[in-house]
Amino acid sequence: MTTSSPQETDSPQGTETSAVVTFANVRIGFDEGDILRDVSFAVMPRETLVLLGETGTGKTLTLKMAAGLLRPMRGKIEMLGQEVSAMSENELLAHRRQLGFVFQEGALFDSLSVFENVAYGLREERVAEEEIESRVLEALRFVELEHTGEMLPSELSGGMRRRVSIARALATRPPIVLYDSPTAGLDPVTAQTIITLILRLRDVYGVTAMLATHRLQDGFALAKFRFDAESKRVVRLTEAENAASENEPPTRFMVYRDGRVYFEGAPEEFAESKDAYLQRFLASI
Amino acid sequence: MGEVLGDAFKQLLANIQGYAVMSAQALANVASAPHYLQDLLDQMDDIGVGSLPIVLMSGLFIGAVMVLQTGSQFTRFGQTALTGDVVAIALVRELGPTLTGILVAGRSASGIASVLGSMVVTEQVDAMRAMGTDPSRKLVTPRVIAGILMLPLLTALNDFIGLLGGCLASVFSLRLNAVEFWTRAINALDFADIMQGMMKPLVYGFILTSVGCYKGLTVSGGTQGVGRATTQAVVVASVMIIGADLFLTKLALYLGDKIF
């Protein structure tokens, strides 16, 4: 088990690259007590950090703190070179426009059409109307829902709502996307569609991602597969690609338990671990 | 027991502080960009136009009932002609603003609390914040300003329709002359009455919308919490309106004496 320090680490080219997100000794809790204690980690550019843990272990809190939606009681959080935990609410509003957030149930604005939901962030950024239309259509085409623009969220299925939520998050082309249990409560086929979209977003646009989930298979899917832009299909990484990907920004797992980082490392390390708790996790797939 | 009371008192203070901060922020937002004009217009339509039917119907009946009640007393002294005076003063100074405030609170404070509460529990407010929008500017300010702008207009219409209802009751029940009723009603009012009647709804509009917003944005406990917040919004807004009425009446009478 390893815990990375939230410092600069070697890039694939061997040069120093700043982490996109760093948590340093972060603590947060509510009236019932601490939820997270002394949590430290870093997410590198183009890396996908998969946050795992049982319900209530603080996965969503971590994402919300990273986005500045919640403030830690102690510790320091940095994102894209700025100290999120020290920003005023007004500074945070501007800062958050640089990231995409996919909420668990989609959190679409139910009084707005699908088109207006996806256009929301662009309108906030005062993007020109012609550009808004093309970018919204591009985002909806990406999630294969370009025909739903005039529909209201209440007319969509659960899976479609998540896909619109992903379209909304990517419309502003953020360098980092935070996913809060994007496949929770979905049937396996729809969940696979969502994971495919996350893979596409990672492999086509090169976004850095933090993904909270209690579904280990989602994490392994992100680690073992890639989206092939030429064939437009999801393909399993070959042995050679696996070996090569050791130098690439990887998919990394982090497991919370009892308010602390219990495991942090590569998916293979997780799969081969003899730790009884992690074994129980593996058995749940 | 002492600890429970202490916690309840702390909670009350925290609520008062939270409400005061949210309300002050909502008003301060007017002075700086960005402004959400379309949201303001939507809220003016919802609070103003949407409340029109209940306000007008209630006004008509209240005016008529007042004439019947006062008329039955004036008949004993043969002074039914005074009915127009009494109805005009009571409606314009007191009943018009306060009833309009309570009626709109019942409709709009509950509506605002339930909409915003639902947005909170479905994480739409967090989504808004995550996309760089200040919920105070986008959700609270347009509603509060719409309430402040719409309540005086609704009150003016309520006053007029109330007098119309009173006139109808006077003509058909007390056999008074309609022209005499309107002449006496209009002559009975002076500028201080109008000022009092138009000052109160400004405050009521602020109260009912800000309470609705506060209750909605502080929802906890899922859909049950939304239901609780909706009820509380109506109760708190109505009590605050009636409480504010006392102080506003005293203030208006004082100003009326000093200025007019």
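Okay, hi everyone. Some ground rules: the model is predicted, so local features need pLDDT of at least 70 and side-chain atom pairs count only at pLDDT 80 or more, while totals for chains, interfaces and linings use all residues. For the labels, residues are numbered from 1 along each chain as its sequence is written, and chains are lettered from A and ligands numbered from 1 in the order in which they are written.

Let's take chain A to begin with. It is divided into domain 1, which is 9-98 + 174-283, and domain 2, which is 105-173; those bounds come from an automatic or database domain assignment. How far apart do the C-alpha centres of the two domains lie? They lie 24 Å apart. The domains do touch: 11 residues of domain 1 are in contact with 12 residues of domain 2. By contact I mean that the C-beta atoms of two residues, placed from the backbone, lie within 7 Å. On the domain 1 side, helix α6 (residues 188-205) gives the most, with 5 residues. When I say helix or strand, I mean a DSSP run numbered from the N terminus: H or I with at least four residues for helices, E with at least two for strands. That domain 1 side divides into 7 nonpolar, 3 polar and 1 charged. The classes go like this: Ala, Val, Leu, Ile, Met, Phe, Trp, Tyr, Cys and Pro are nonpolar, Asp, Glu, Lys and Arg are charged, and the others, Gly among them, are polar.

Now the sheets of chain A. One is an open sheet of 4 strands in the order β4-β3-β6-β7, with antiparallel pairing. Two strands pair if DSSP finds at least two bridges between them. β4 and β7 (82-83) are at the edges with a single partner strand each, so one side of each has no neighbour in the sheet. Have a look at β3 (residues 21-30) and β4 (residues 33-43) of chain A: they pair in the antiparallel sense over 7 bridges, and a hairpin links them through 2 residues. In that pair, A:Phe23 stands opposite A:Phe41. Over at the β7 end, β6 (residues 74-79) is joined to β7(A) by 2 bridges, and A:Glu78 stands opposite A:Glu83 there. Helix α1 (residues 59-66) packs on this sheet, touching β3, β4 and β6, and its direction makes about 120 degrees with that of β3(A). Angles here run from 0 to 180 degrees between N-to-C directions, and axes are lines fitted to C-alpha atoms, for helices over the stretch in contact.

There's also an open sheet of 6 strands in chain A, ordered β8-β9-β10-β5-β13-β14, and its pairing is mixed. From one strand to the next, the twist averages 15 degrees. β8(A) and β9 (residues 176-180) pair in the parallel sense over 4 bridges, with A:Phe101 opposite A:Leu178. Two helices to find here: α5 (residues 158-170) lies across β8 and β9, at about 170 degrees to β8(A), and α7 (residues 216-224) lies across β5 (48-52) and β13 (251-257), at about 165 degrees to β5(A).

Next, a helix pair in chain A. The axes of α3(A) and α4 (residues 129-142) come within 9 Å and cross at roughly 125 degrees. That makes the two oblique to each other, because angles under 35 degrees count as roughly parallel, over 145 as roughly antiparallel, 65 to 115 as roughly perpendicular and the rest as oblique. Their contact has 8 nonpolar, no polar and 2 charged residues.

On to chain B, which has 8 helices and 0 strands. Its C-alpha trace spans about 65 × 50 × 40 Å along its principal axes. The axes of α2 (residues 37-77) and α3 (residues 83-121) of chain B come within 9 Å and cross at roughly 145 degrees. By class, their contact has 15 nonpolar, 8 polar and 1 charged residues.

Last bit: where do the chains meet? 14 residues of chain A are in contact with 11 residues of chain B. On the chain A side, α2 (89-96) and α3 (114-124) each supply at least two residues. That side divides into 9 nonpolar, 1 polar and 4 charged. Thanks, that's me done.
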